[in-house]
Amino acid sequence: MEGFILLSEATQVAETVTEEAGLVSFNAWIVIATICNLFIQMLLIKKFLFKRVQAVLDKRRELAEEDLRKAKVSREEADRLRVEYESNMEQAREKATQIIDLAQKNATQKSDEIIREASQEAVAMKARAEADIALERRKAVNEVKNEIGSMAMEIAGKVIEREVSEQDHARLIDEFIEKVGT
Amino acid sequence: MDNINIAGAKVYGYIGPDIPVLGRFPLSETLIVSWIVMLLITLLCIFLTHNMKVEKISRRQALAEWLVETANKFVIGNMGQSFAYFVPFVAALFALSVFSNLIGLLGVRSPTADLNTEAGWAIVVFVIITAQKIKASGFGGYLLGFTKPIPLLTPFNVLSELSTPISMACRHFGNILSGIVINGLIYAALAGASSALFGLIPGAVGNLLSTIPILDVGIPAILSFYFDWFTGVMQAYIFCMLTTMYIANAAEG
């Protein structure tokens, strides 16, 4: 490889103004420009990549924190509601028990009253019925008495074939009845 | 077979006034490609971050967020939370390095194949290291640090301090340049081998085929995978890793 040349110094090409620097050459201008380039690039990257992405990341974190905060608030609200609901339920249960107790008591009272009234009425009805029965019996007995009386009168009239005087009449009947009754 | 000419960056011309010591400003291939690289990086950033949303993000935005988070993790992991403001600097360094290394695949000359580029970066890192050391232990403490553990070692300490940026710059430059040199050599060698191999075919066919560097197709791509892709990304990573480590160590005093 005799043709392999490391050009360590600038070579001038005749036809054009283009020249080639050495493979390892030092040029202060290029170093300075490179340093400037580095800082310019740093600012560009910062402006166009980091600032923008960071803004989005920050916004996302804020949103996430906001969501977490909201979730916490709604959980607390839910807890509060649950406690409230449970206490309400407890109260409602107590009230229901009270109402049922009261209703039972009322019902018992009422039924007792009804039973009492009914038995009173029954007693009263029984008494009335007995009174009625007694009356009817007395009536019937009287009717029978009268019937028998008139029958006896007729029979007696037929037997005696004469009119019995009113005085005799009454006496006869009474005698008859006395006899029949005994 | 022609000579293989591996030279430095082209200089297309000079502009501006002739300043003493510095001379006129060279419109070098290194700088022009650097500006193209910067433009690409900036356009990529703008492309990745336009129309960003908080929810239901696109793949583009996911990539942008991943890049930012990776850069944050890298810098904060190596340097600590107090150095979070260094993230854009290290990211710029890494992006410039990777893009400069890989732009060589497009056929232009990598800016990182010019030692001046790495020298610029290394000088910046060196200045930051020194500033952090002075901040940590004061100017007197910084100077006294060179006499530790015994004053006899002062020259070696100074040498070691100066070798930090030089080794950083040369490591990066050397790896990229070696890739270019080896690629050039392999292309030339394969062209020669191709010519010799197909020249064995007799007649006009052999003459025609021997002028076409058939072996140059494919084989260099495999080597390019290591020398361009792997080395390109690796050296950028190493440069940034060393930058963060050195600065963090300097701040510890």
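Predicted model: local features only at pLDDT ≥ 70, side-chain atom pairs only at ≥ 80, totals over all residues.
In the hairpin made by E2(B) and E3(B), Val21(B) takes a positive phi near 70°. That hairpin leaves three residues between its strands.

Strand E2 of chain B covers residues 10-19, and strand E3 of chain B covers residues 23-28. The two pair in the antiparallel sense over four bridges. To find one such link on screen, go to Ile15(B), whose bridge partner in E3(B) is Phe25(B).

| Strands | Sense | Bridges |
|---|---|---|
| E2(B) and E3(B) | antiparallel | four |

How many residues are in contact between the two chains? On one side there are 42 residues of chain A, and on the other 49 residues of chain B. Within chain A, strand E1 (5-6), strand E3 (19-20) and helix H1 (28-160) each supply at least two residues of the side that touches chain B. H1(A) gives the most, with 26 residues. By type, the residues on this side of chain A divide into 27 nonpolar, nine polar and six charged.

Now step back to chain B as a whole. It has seven helices and three strands. From the N terminus on, the order is β-β-β-α-α-α-α-α-α-α. The radius of gyration of chain B is 23 Å, while the globule rule gives 18 Å for 253 residues, so chain B is more spread out than a compact globule. Its C-alpha atoms fill a box of roughly 80 × 60 × 40 Å along the principal axes.

Of the 253 residues in chain B, 32% count as buried. Among the contacts in chain B with a separation of 6 or more, 64% come from residues 24 or more positions apart.

Is H3(B) buried or exposed? Of its 16 residues, 15 are buried, so H3(B) is largely enclosed by the rest of the structure.

How values were computed: Residues numbered from 1 in each chain as written. Chains lettered and ligands numbered in written order. Rg over C-alpha atoms; globule rule 2.2 N^0.38 Å. Buried ≥ 20, exposed ≤ 12 C-beta atoms within 10 Å, placed from the backbone. Contact = placed C-beta atoms within 7 Å. Pairing = 2+ DSSP bridges. Nonpolar A, V, L, I, M, F, W, Y, C, P; charged D, E, K, R; others polar.
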